[in-house]
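This report is meant to be read beside the sequence and the coordinates. It takes the two chains in turn, with their contact in between.

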Amino acid sequence: MRYWRYLKRDAVRNWDLYLMAVPMVVYYIIFCYGPMYGLQIAFMDYNPWRGMAGSKFVGFKHFINFLSLPSSFQYIGNTLRISISSLIFSYPLPIILALMFNAMPSQRIRKTVQTVFYMPHFVSTVVVVGMLALFTNNQVGAINQIIRALGGEAIDFNKASSFLPTYLISGIWQGAGWSTIIYTGALTSVNPELYEAATVDGASKFQRVWHIDIPSILPTMSITLILAIGGLMSVGHEKVYLMQSATNISVTEIVSTYSYKAGLISGQYSYSSAIGMFNSVVNFILLLFANTLSRRVSGSGIL
Amino acid sequence: MDKMKKKSWIKQSKIQGDWRFDLINGLILLVLTLIFFYPMYLVFISAISSPSEVFAGRVLLLPTGSNYEGFKRVMENEALWRGYANTAVYTTIGTLINLVLTMTGAFVLSRKTFALRKPLNWMVLVTMFFGGGMIPTYLLVKDLKLLNTIGALVLPGAISTWNLIITRTFLTTSIPDELQDAAHIDGCNNIGFFIRIVLPNSTAIIAVIGLFYAVGHWLSYWNAMLYITKEEMYPLQLVLRDILLKAEVAMQSARTGENIENATAVVELLRISESVKYIVVVAGTLPLLIIFPFVEKHFVKGVMIGSVKG
């Protein structure tokens, strides 16, 4: 009751502040909560002509349809294979890189090196996949030409099994440098007296990295790990979709690309929404799981 | 104090492992830097070299020959230039909308006496974990009659919750409450305070999130793929996708149009289309990469502000 009185008084006195809040509130209601409300079509046989009110409620039909599809587990498996392997490779690398940057004695060289590592982040997914297509052309692509020049045996990039390494390596190129920033930020807050004390005690540079730098970025590491695990089901579908080809579709069809095709190419709106919802529910469960795990292990989580 | 400094310096020079550590660290980073730089360099030298040399695998370290034909073809490609122009428009308008909504929103959320502060903060935070997903958003955009309009590209993502929170953090820490009180006593209302005091003191954060938003608009293709079907409205990234990934469009049209039957002519066409792709990759990437070193510090700052409260 007191809150309502306060709100009323505040709204009269600071009416212009409330006016300024309007655009943000309108945006969130329409474009964030609107689709959440629209998600109910996952439980309906949505008919675009009749609208939501005229569509029949069918419960979990679409979820069951998706999960009883023989290939649905293949899609889930593909999603997890791609995301877990990129987690394994792209999670530790930025940490190691950040520690290496931090240990560089010359600030000027360090800046240049960092700029080179950051740059690929600003190359669009479309262009990265385009570059991959050029480099991995079996006959005239640069990779096979280099291999041949060195006397090796050319790789067959059209094979389905070539997809994952190509995806992972290009992913590291795109993201490893940029992801170091968050750790570099944590490293700048290390108290320099710790280094001095360690040096006085005879610690080598490697020991300083091991005993000072790594413990000081542990909290950041656990947060990024939780977030990464929480995003396992949301692989970068934009890149996977562009990399799909007739020869690798058996390993590249993931839940979100399948959902896109079912919804926007075949027009099965309800079915596709159900798949999307299934995907985010799994994601959220993974996030909660990772968070609990981190609480148990390190005593801190994000939720 | 002075004595200690000296002591630590002596100790440091005594530690044998350190120069070795620096050397190995430096060498590994040098190699990695070259590896990371090479793909971009390779694309660049392949774009300016003659296509037959590139095809023969002789352009791996230095450019040879010239690629006048390829450049001419790219310059004549109207779709590419239209894509550039469209993206420029979408990026400018989109970023303006982003900035207005994010700055006003973050300002409101940063006011400690604002009675709706808590509920609105929750309204924002919930969207970081839950969303409607692709199809409901698509249907909404369709129902709002935004398909094939610029609105579909700039409205659905008008506020990035992440950027909003970064900005709110910045404003709560950098604009003291006393300033607001003082402004109030001087008869300045909230809007006046926002325009005359907050905005001029937030240029740092405006630069940061403005760049985040602008780069996001520049690089994105997925939304355009969902919402834009008219080719003359395609942003740069969709045009690039068509040139780079829709396989051999040029070849097919050439084949049907001119009915080429001998193999050498087909190889020649393939050669040209591949070399055009190299140029297109350079054309699609270069502007951003040239600007980037000058604005790098803003990006880094943005990520760091975000990580503090993230």
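## Domains of chain A

The C-alpha centres of domain 1 of chain A and domain 2 of chain A lie 35 Å apart. Domain 1 of chain A covers residues 2-57 and domain 2 covers residues 71-298, the bounds being taken from an automatic or database domain assignment. Seven residues of domain 1 of chain A are in contact with five residues of domain 2 of chain A, where contact requires that the C-beta atoms of two residues, placed from the backbone, lie within 7 Å. On the side of domain 1 of chain A that touches domain 2 of chain A, six residues are nonpolar, none is polar and one is charged; here Ala, Val, Leu, Ile, Met, Phe, Trp, Tyr, Cys and Pro count as nonpolar, Asp, Glu, Lys and Arg as charged, and the others, Gly among them, as polar.

## Basis of the model

This is a predicted model, in which local features need pLDDT of at least 70 and side-chain atom pairs count only at pLDDT 80 or more, while totals for chains, interfaces and linings use all residues. Residues are numbered from 1 along each chain as its sequence is written, and chains are lettered from A and ligands numbered from 1 in the order in which they are written.

## Contact between the chains

To the contact between the two chains, chain A brings 77 residues and chain B brings 80 residues. On the side of chain A that touches chain B, helix α2 (residues 15-38) of chain A gives the most, with 15 residues, and that side as a whole divides into 51 nonpolar, 20 polar and six charged residues.

## Fold of chain B

Chain B contains 16 helices and zero strands, both being DSSP runs numbered from the N terminus (helices H or I, at least four residues; strands E, at least two). Chain B is divided into domain 1 (2-72) and domain 2 (77-240 + 279-309), and the centres of these two domains of chain B, taken over C-alpha atoms, are separated by 35 Å. Of the contacts in chain B between residues at least 6 apart in sequence, 71% join residues at least 24 apart.

Buried residues make up 36% of the 310 residues in chain B; a residue is buried if 20 or more other C-beta atoms, placed from the backbone, lie within 10 Å of its own, exposed if 12 or fewer do, and partly exposed in between.

## Surroundings of Trp218(B)

Trp218(B) belongs to helix α12 (residues 203-219) of chain B, and Trp218(B) counts as buried because 21 other C-beta atoms lie within 10 Å. Leaving aside residues up to four places away in sequence, Trp218(B) touches Thr87(B), Thr91(B) and Leu288(B).
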